[in-house]
Amino acid sequence: MTEVVPLDLDLRVVRYFLAVADQANFSRAAAALRVGQPSLSRQIRGLEQQLGVRLFHRTPQGAQLTEAGHAFAPKARILLRAAGDAAAAARATAEPGSISIGYTPGLVITAATRELRRRHPEVTVRTTYLGWRRPAEALLDRQVDAVVTRAPFPADRLRITHLYDEPRVLVVPLDHRLAGQPFAVLADIADEPLQWVPGLDPTSNAFWRLEPRPDGRPAPTGPAMNTLDDTWEFVAAGDTLAVATRGHVDTTRTDLALIPLRGVAPSRVVLATRTEDSSLLDAFRQYAREQLVA
């Protein structure tokens, strides 16, 4: 009988693989992970050699999962969550001495984290900018303990605390036909392209692209937005319009106009945590409610 040699997978490299899979691009994944792209490419090649299969089709346009990559990705997520659960079970035997809080673009959490540090000086408080990464996955993979973010997003197995609402606005170039109008409605932009974000979950992309439209048609698709700075450059150039909140928009940009959107629900800013709780998470939840307001 042939002996099966167990694979000794590096969880850090597995996380790197999932970042490339989510971003469909090595350079964007490297930026999100804050590692060099050559190093990331070497790590992924090493993982492919270890598994004996190619995980990505590499093209000038990005990186697409191969059949083997598609098969590996869901198991890789389970593997990372199992590792996180094991670490959490060990930590749960002691009073927590640290907390990691994530946040997503356009949100400021300083007031709540400052209050947490003031009231609990014995605790190490770390903050992590998640960029466009999916908040649910950051929590379930135990990269962070709490996330301040905007709904909607898949929230199974999470506890959601509503903090406040932000109206959505239409962002247009300063010379656009709608600039200066007191408000806009969906009919005004029926044929206008809108932004989309690679790797963002479909629920969130649909929310920010105002889909489905009343007539059932999808919104025309504009360029891919990898960062907020990309968004404002494309909008200012007239390549697309964008739906955002005032908190998203760079106030130094004088080449953009913001128009209130009428007839669409506001963006809900929430605190998301895993369902297991601790006194430290309870404290941060209280400070977030008190300190983080529109």
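Which residue in S9 is the bridge partner of Leu194? It is Thr221. Hold that pair; we come back to the strands.

First, the ground rules. This is a predicted model, with residues numbered from 1 along each chain as its sequence is written, and local features need pLDDT of at least 70, side-chain atom pairs pLDDT 80 or more, while totals for chains, interfaces and linings use all residues. Side-chain values use heavy atoms, without hydrogens or water.

Now the domains. The assignment, automatic or from a database, gives domain 1 (11-76), domain 2 (95-163 + 268-291) and domain 3 (168-265). The centres of domain 1 and domain 3, taken over C-alpha atoms, are 31 Å apart.

Next, the cores. A nonpolar core is a set of buried Ala, Val, Leu, Ile, Met, Phe, Trp, Tyr and Cys residues joined through side-chain atoms within 4.5 Å. Buried means under 20% relative accessible area, with a 1.4 Å probe and protein chains only. The largest core has 22 residues. Phe17, Val20, Phe26, Leu40, Ile44 and Phe56 have the most contacts inside it. H1 (11-23), H2 (26-33), H3 (37-51), S2 (62-65) and H4 (67-91) each supply at least two of its residues. H1 gives the most, 8 residues. Another core, of 21 residues, lies apart from it and includes Ile99, Leu107, Leu163 and Tyr287.

Back to the strands. Helices (H or I, at least four residues) and strands (E, at least two) are DSSP runs, numbered from the N terminus. S8 (residues 194-196) and S9 (residues 221-224) run parallel, joined by 2 bridges; pairing takes at least two. With helix H7 (residues 202-208), S8 and S9 make a right-handed β-α-β unit. Right-handed means a clockwise path from first strand over helix to second, with the strands pointing away from the viewer.

Note on methods: Buried means under 20% relative accessible area, exposed over 50%, partly exposed in between (1.4 Å probe, protein chains only).
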